[in-house]
Each structure stands twice: as C-alpha cells, then as structure tokens.
Amino acid sequence: NKKDISVKGKNFYLNISDGYISQYKIDNESIITSALKPNFWRASTDNDWRGWKVDRLFAFWKDAPLKLKTLSIDVRKSEGNLEVKVLKAIDERLRLTLNYKVKADGTIGVHYSMMRSPEISEMLRVGLQCECTNRLSDVTYYGRGPWENYVDRKDATPIGVYESTVSDQWVNYVKPQEMGNHEEVRWISITNADGMGFVFVAGGQMAASALHVRAQDMADPDH
C-alpha cells in the first residue's frame, strides 16, 4: 500500500502515511507525535498586526497544508535505500514534490520543491514542521545565536555552535508572537537528556526553531 509505507531497521521504525513522515521510533520510543508536513505560515508579529495585515494578504497559505491533495506516490529501492517520491497539489495553484531517501541506519534525506501559480501571493515561509515528544528538551545548533534572529535582524548574532533548551527559546513578548528563530543554521539537534532524538542537517543553510507552542497557539485571542 503506497499510502502507508513502513520501514523497520535495527533500532528504528519509520512510517510514511499519505506522503508524510507520520511516525519515527528509536528503540521503540516514539519521537514524532504529529506528521512532518509542509509549512508556509508563522505566528504574527506586532508589525503584522499594525501594518500589512498578513491574515488578509497571505490568507491562502495559512491552511494550505490541509488542502494539499495527494496526486501520486512512487516507491522504489535503490542501492540499499528506499526512495519515495510524493506529488501533492491544490488544484492548479500549487504543486509540491517531496522526495525521501531512507537509509539502512535510519537516516532520512528529504528534498522538497514546489511551484505556485502567479495568481496567488508569495508565502511567509517555505519549510517543514512537526511535533515531537516533549522528552526532547535540549537544543544544539550550528548557526546564528545565541538569541533569536531573523533574515532582517541577524548581524549582532555571531555564527557558532550553541547549546540551549526548548524552554529557553521562549521570548517574553507582551503578546506572544513569532519567536525563537535562528538564521544560517547548518544543523540543529533536538534530543532528550540522554542524547536521543533528531539531527536535522541542511543541504546548505536553513532557518530553524524549536518551541513548546504552535503558531496557532500564539494567535489565540485569549492571551
């Protein structure tokens, strides 16, 4: 069944459901608690609310991941690896391709590409996100730090290897908003106290964050 693909290795278990990595276990302990899916959104900031009205201008992207339909899933084995190619779309406006390469040691390569129709706006961001077990509390990364930084606000954050915790990525804004981002990240590890977890490695550079809350949680008007 191409819509439900399972891979079992020496000490890991992986499940790809409807084209997304939905489970990853190490020594029978679940690491992912919700699927690794495309993400085009972020929590709003003070400038968004007061200025350019993100919710109106970029509305297409807020729930776009929920609207993506699976067009095809191709699976093949190559040189001891399992390769999975997934094509998804929102009618003629957005086409997205995910290529996975699963190796025998549990390493997963992910290549992500997309095309959008010129009739829709640019997106706030292009990336992937998932939810992990809250036992993964430690963060180490090679990128800009130690405090949060963004593409237009990063010069005062030197590139280096930084160690922190997920809890310390929180920033006490008066109203919770986009926070905790790090630019020019080469790799980031999110692990438990014993060092078990993930290492995400960029092909070049990426922006990355790890928080205890979702973007939609920070948009809750009850704050």
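How far is the sulfur of Cys132 from the closest cysteine sulfur, and in which residue does that closest sulfur lie? In this predicted model, the separation is 3.8 Å and the neighbouring sulfur belongs to Cys130. Accordingly, a search of the whole structure returns zero disulfides. Both cysteines are partly exposed: the relative accessibility of Cys130 is 24%, and the relative accessible area of Cys132 is 27%.

The strand arrangement was examined next. Strands S6, S7, S8 and S9 form an open sheet, with antiparallel pairing in the order S6-S7-S8-S9. From one strand to the next, the twist averages 10°. Within this sheet, strand S7 (residues 81-90) and strand S8 (residues 94-102) run antiparallel and are joined by nine bridges. Ile90 has Leu94, in S8, as its bridge partner.

On the surface, a nonpolar patch is formed by Tyr142, Ile159 and Val161, which together contribute about 240 Å² of accessible area. One of these residues, Ile159, belongs to strand S12 (residues 159-165). Ile159 counts as partly exposed because its relative accessibility is 37%.

Technical notes:
Residues numbered from 1 in each chain as written. Predicted model: local features only at pLDDT ≥ 70, side-chain atom pairs only at ≥ 80, totals over all residues. Heavy atoms only, no water. Disulfide = S-S within 2.5 Å. Buried < 20%, exposed > 50% of the residue type's maximum accessible area, 1.4 Å probe, protein only. Patch = residues over 30% accessible without salt bridge, like charges linked within 9 Å, V, L, I, M, F, W, Y side chains within 5 Å. Areas by Shrake-Rupley, 256 points an atom, 1.4 Å probe, with all protein chains shown as cover. Salt bridge = Lys/Arg side-chain N within 4 Å of Asp/Glu carboxyl O. Helix = DSSP H or I, 4+ residues; strand = E, 2+ residues; numbered from the N terminus. Pairing = 2+ DSSP bridges. Axes fitted to C-alpha atoms, helices over the stretch in contact; angles between N-to-C directions.
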